[in-house]
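Subject: Structure handover

Hello,

Here is the structure I promised you. Please have a look at it before you read my notes.

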Amino acid sequence: MGEIIAMFRSTRMVKLTAFCATVFAIVAVVFKNSIVLIPEVTEIRPVNALALTFGLFFGPAGAVGCAVGNLISDFSGSLTWLSPFGMLGNFLSAWLPYKVWDALLPKEQIRPAFQGRYWGLRIGAVTLVSTVSCGAVLAFAFDTQGTLAALPTFQLIFVNNFAATVLLGVPLLYGVTRLPQKVVPYWREWMAEADYAADTPTAPWKTRLLIGLSLLCLLVMVCLSVLNALQVFNGEVFGCLPLLVFFAGYVLIVVIVP
């Protein structure tokens with residue numbers, strides 16, 4: 001995560017962060033009261049489509065911008081003690097995609113692009129970690145505070161984010177990749193100009209484990225949902241456990257292991 005601290009040495013990256021936060025906040029506020037799914041929690045959020053493009057092209061500026069933009073939008077009537085978790089969830093939804101994409105991207109490819117043999121798998125991987133991580137953070141927060149059960153909260157937030165990312169986020173990303181390179185900034189190029197080129201992509205084995213944990217978390221939550229619907233047992237009671245496992249594994253892989 002050193003690039004997040006280092007980016008503040010670049011004036012252009014700081015301005016890009018402000019731009020991302022402003023755009024994210026405006027789009028979030030415009031659709032704030034469109035179709036409310038959970039009062040004071042979430043609504044239909046087309047703004048979630050921005051995380052993929054902001055993260056892949058703008059890197060740490062996009063991730064911090066999404067987090068700050070979400071906090072700003074909460075001042076329009078939904079500011080609660082959960083707002084910091086909303087910041088974390090939206091930060092991860094943009095931060096994890098560029099980490100995973102860089103690790104899966106062939107060395108000869110620099111900017112994100114819809115080309116190569118496995119571009120579809122890369123898009124699927126970054127979409128998975130983006131939507132699962134955001135949903136897991138918020139569902140875990142609500143469950144541990146006794147506000148809402150983790151299982152139905154995760155279901156709603158994940159489906160909401162996944163739909164916005166697939167239906168709007170991926171087409172937006174494709175459109176941006178088709179623009180001339182001089183029109184769209186790429187964070188690694190700007191960071192290199194600020195004498196920060198020392199960071200290396202996340203190790204592939206870490207990325208594979210991270211994707212695997214995200215997929216496992218999603219599959220377990222789906223299984224709990226099915227068992228709960230069939231009234232085999234009250235799946236909501238165990239809904240928080242896979243989220244806890246996901247966080248523990250993520251911290252171990254990304255933060256603790258060198």
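Below is what I found, starting with the ground rules.

This is a predicted model, so a local feature needs a pLDDT of at least 70, a side-chain atom pair counts only at pLDDT 80 or more, and totals for chains, interfaces and linings use all residues. Residues are numbered from 1 along each chain as its sequence is written, and side-chain values use heavy atoms, with hydrogens and water left out.

**Overall layout**

The chain has 10 helices and two strands. Along the sequence the order is α-α-β-β-α-α-α-α-α-α-α-α. The chain has 258 residues, and 51% of them count as buried. Buried means under 20% relative accessible area, exposed means over 50%, and partly exposed is in between (1.4 Å probe, protein chains only).

Helix 6 covers residues 119–144, which is 26 residues. Its end C-alpha atoms are 37 Å apart, in agreement with the 38 Å it should span at 1.5 Å a residue. The expected span is 1.5 Å times one less than the number of residues. Of the 26 residues, 19 are buried, so helix 6 is largely enclosed by the rest of the structure.

Now the end of helix 6. Asp143 lies in this helix. Asp143 counts as partly exposed, because its relative accessibility is 23%. Its C-alpha is 9.9 Å from that of Phe154, 11 residues apart in sequence. Gly146 follows helix 6 and has a positive phi, near 75°. Ala149 sits in the loop between helix 6 and helix 7. Ala149 is partly exposed, with a relative accessible area of 23%. Ala149 and Ala139 are 10 residues apart in sequence, and their C-alpha atoms are 7.4 Å apart.

**Cavities**

How many cavities of 30 Å³ or more are there? The count is three. The search used a 1 Å grid over the protein atoms alone; a cavity is a set of points where a 1.4 Å probe fits but cannot get out, and a lining residue has an atom within 4 Å of a point. Points are joined across faces, edges and corners, and the volume is the space filled by probe spheres set on them.

The largest cavity holds about 60 Å³ of space. Its lining is Phe24, Asn48, Ala51, Asn90, Ser93, Ser130, Thr131, Cys134, Asn161 and Thr165. Helix 5 (83–104), helix 6 and helix 7 (150–177) each supply at least two of the lining residues. Helix 6 gives the most, with three. By type, the lining has three nonpolar residues, seven polar and no charged. Here Ala, Val, Leu, Ile, Met, Phe, Trp, Tyr, Cys and Pro count as nonpolar, Asp, Glu, Lys and Arg as charged, and the others, Gly among them, as polar.

**Cysteines**

The structure holds zero disulfides, a disulfide being a pair of cysteine sulfur atoms within 2.5 Å. For Cys134, the nearest cysteine sulfur is that of Cys66, 9.7 Å away. Cys134 is buried, at 4% relative accessible area. Cys223 is partly exposed, at 47%.

**Salt bridges**

There are two salt bridges in the whole structure. The test is a side-chain nitrogen of Lys or Arg within 4 Å of a carboxyl oxygen of Asp or Glu.

One joins Lys99 to Glu3, with the closest N and O atoms 3.2 Å apart. This pair links distant parts of the chain: Lys99 is in helix 5 and Glu3 in helix 1 (residues 2–6), 96 residues apart. Both residues are buried.

The other joins Glu189 to Arg111, at 3.3 Å from N to O. Glu189 lies in helix 8 (residues 187–193) and Arg111 in the loop between helix 5 and helix 6, so this pair ties together parts that are 78 residues apart in sequence. Are these two residues buried or partly exposed? Glu189 is partly exposed, at 33% relative accessible area. Arg111 is buried, at 10%.

Best wishes

Key
Helices (H or I, at least four residues) and strands (E, at least two) are DSSP runs, numbered from the N terminus. On a 1 Å grid over the protein atoms alone, a cavity is a set of points where a 1.4 Å probe fits but cannot get out, and a pocket is an open set with protein on both sides within 12 Å along at least five of seven lines; lining residues have an atom within 4 Å of a point.
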